[in-house]
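User: I'd like to go through a few of the labels on this model and see what backs them up. Can we take them one at a time?

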Amino acid sequence: MFDHLATVRERPAWQPIPLKTRAALSAELPLDPSPIGSVYEEFNAHVLPYPTGNIHPRFWGWVMGTGTPVAMLADMLASGMNAWAGGFDDASTLVEEQVLHWLTEMLGYPAGASGVLTSGCTMANVIGLAVARQALTDFDVRAEGVRGIAGMPVVYASTETHIWAVKAVELLGFGRRSLRRVGVDIRHRMAVRALHEAIASDRARGCVPICVIATAGSVNTGAVDDLGAIADLCRRERVWFHVDGAFGALAVLSPKWRDRVVGLALADSLAFDLHKWMYLPFDVGCVLVRDAEMHRRTFELVPSYLMASPRGVAPRGPLFASRGIELARSFRALRVWMSLKVHGARKFGRLIEQNIDQAHRLAHMVESEPRLELLAPVSLNVVCFRFNPGNAGPPEIDSLNEEIVMRLQESGVAVPSGTRIAGRFAIRVAITNHRSRSGDFDLLVSEVLKIGGAISRTEGSS
Ligand SMILES: *Cc1c(COP(=O)(O)O)cnc(C)c1O
């Protein structure tokens with residue numbers, strides 16, 4: 001794996017899976033043993049060569065982290081120990097508590113907050129919203145369910161909020177109609193006045209506002225909502241203030257750019273990922289909750305078979321199981337602990353800063369090239385743009401750019417992904433990649449121009 005990481009730049013970012021690998025990976029259940037050497041050869045032949053591509057220096061699709069050798073080693077140690085990280089009295093618990101304290105400090109979140117590591121930011125966000133549901137109901141919502149709420153509950157998000165919010169309102173029993181999508185301004189930030197009006201008109205109709213979900217680093221464009229203004233409004237309206245900072249929250253580690261995410265510390269709950277902008281291997285996210293007692297009250301359940309004993313392995317019961325849904329958990333804290341110790345928080349800050357600088361440089365390149373158009377302002381690390389030959393209608397430009405993205409991916413040169421910005425198809429580059437160098441973006445731009453030019457020439461001549 002060290003060789004594999006050291007030579008990652010020499011391989012395609014992604015390559016299509018050949019039929020013989022698809023066949024090899026749909027084999028029958030092995031009833032009898034095989035030598036580990038031959039299984040390892042199969043791994044080398046059929047698994048290792050066909051990754052998503054996110055460890056490659058020119059992978060910028062969706063929002064995926066790159067993984068690090070140190071965390072890889074930590075994972076081997078963690079799997080070897082096979083710790084049950086539900087929170088008994090063992091070193092895995094101390095390591096996770098240590099990591100949670102460090103993350104709280106790194107993000108400037110109030111000391112004394114509670115938290116838990118999660119599989120990712122979807123789960124972290126769901127936990128935050130569950131605590132909001134607990135905090136904003138004055139009866140036993142865990143017993144009665146949401147039908148005990150005196151009116152239709154409402155959760156506010158923007159039209160740019162990530163899809164996790166839909167799953168969360170479905171899962172928590174609010175239902176999808178409870179999710180009020182507030183519009184955004186020209187910088188794709190939640191329109192705070194529209195939010196204010198929505199809360200007022202919902203209250204007038206007898207609805208019960210529960211929570212506002214703000215985003216620090218939106219998935220489409222990297223936009224950061226006005227956290228300070230939304231926090232003020234939530235305090236005045238007595239509504240829970242949740243921040244989804246999946247990748248954007250980590251921008252606080254960059255002295256140069258931290259002003260862009262000011263206000264994280266005002267959140268009642270804050271969710272973020274470490275497998276995106278901390279470059280750690282999947283999967284690890286985190287939620288922090290200001291009111292530790294409320295966090296515990298949302299999830300704690302202590303049956304006799306998990307109760308705390310005065311001494312021995314379980315003097316506090318399953319500590320982390322009382323902060324979320326999962327009981328058995330992997331020792332993912334070790335990879336965070338080792339990574340922060342080996343590299344130090346400042347190095348992560350430098351790399352995050354480098355990624356934001358790269359995004360701004362790419363935006364400049366796009367703006368100075370007549371056949372490229374920037375489709376959204378760049379605030380952090382996401383650049384949305386398109387190729388525009390200048391003589392095509394909107395549907396043709398959309399399909400041309402969709403084709404560019406697919407050809408780039410299939411060529412293995414680079415992996416951006418696609419999205420739509422105000423209805424227009426965009427080539428989307430989200431930079432959470434510590435292996436990217438500035439030349440990688442030069443290559444991206446020249447390939448987009450080359451592919452775009454070739455397609456528009458053949459289409460123009462046909
Ligand atoms: C990635 C992302 C999520 C979901 O996080 P997962 O770790 O993929 O579950 C939520 N919100 C935003 C803004 C994201 O970028």
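User: Why is Thr419 called buried?

Analyst: Keep in mind that this is a predicted model. Thr419 has a relative accessible area of 16%, and the cut-off for buried is under 20%, so Thr419 counts as buried. Thr419 sits in strand 10, residues 417-421.

User: What makes the pairing of Thr419 and Asn220 a polar contact?

Analyst: Their side chains are joined at 2.6 Å, and the limit for such a pair of N or O atoms is within 3.5 Å. Beyond its neighbours within four places in sequence, Thr419 also has contacts that include Cys384, Phe425 and Arg428.

User: Why is helix 4 called oblique to helix 12?

Analyst: The axes of helix 4 (residues 69-81) and helix 12 (residues 333-343) cross at roughly 140° and come within 8 Å. Roughly antiparallel needs an angle over 145 degrees, and roughly perpendicular covers 65 to 115, so helix 4 is oblique to helix 12. The contact involves, among others, Val70, Ala74 and Leu77 of helix 4 and Leu334, Met338 and Val342 of helix 12. By class, it has eight nonpolar, two polar and two charged residues. The crossing of the two helices is right-handed.

User: How do you know whether Leu253 is buried or exposed?

Analyst: Its relative accessible area is 12%; with buried set at under 20%, Leu253 is therefore buried. Leu253 lies in the loop between strand 5 (240-244) and strand 6 (269-273). Not counting residues up to four places away in sequence, Leu253 touches Met106, Arg258, Met278, Ala345, Phe348, Gly349 and Ile352.

Notes:
Residues are numbered from 1 along each chain as its sequence is written. This is a predicted model: local features need pLDDT of at least 70, side-chain atom pairs count only at pLDDT 80 or more; totals for chains, interfaces and linings use all residues. Side-chain values use heavy atoms; hydrogens and water are left out. Helices (H or I, at least four residues) and strands (E, at least two) are DSSP runs, numbered from the N terminus. Buried means under 20% relative accessible area, exposed over 50%, partly exposed in between (1.4 Å probe, protein chains only). A polar contact is a pair of N or O atoms within 3.5 Å; within protein, one must be able to donate a hydrogen and the other to accept it, and residues adjacent in sequence count only if both atoms are side-chain atoms. Contact means heavy atoms within 4.5 Å. Axes are lines fitted to C-alpha atoms, for helices over the stretch in contact, and angles run from 0 to 180 degrees between N-to-C directions. Angles under 35 degrees count as roughly parallel, over 145 as roughly antiparallel, 65 to 115 as roughly perpendicular and the rest as oblique. A crossing is left-handed if the near helix is turned anticlockwise from the far one by less than a right angle, and right-handed if clockwise. Ala, Val, Leu, Ile, Met, Phe, Trp, Tyr, Cys and Pro count as nonpolar, Asp, Glu, Lys and Arg as charged, and the others, Gly among them, as polar.
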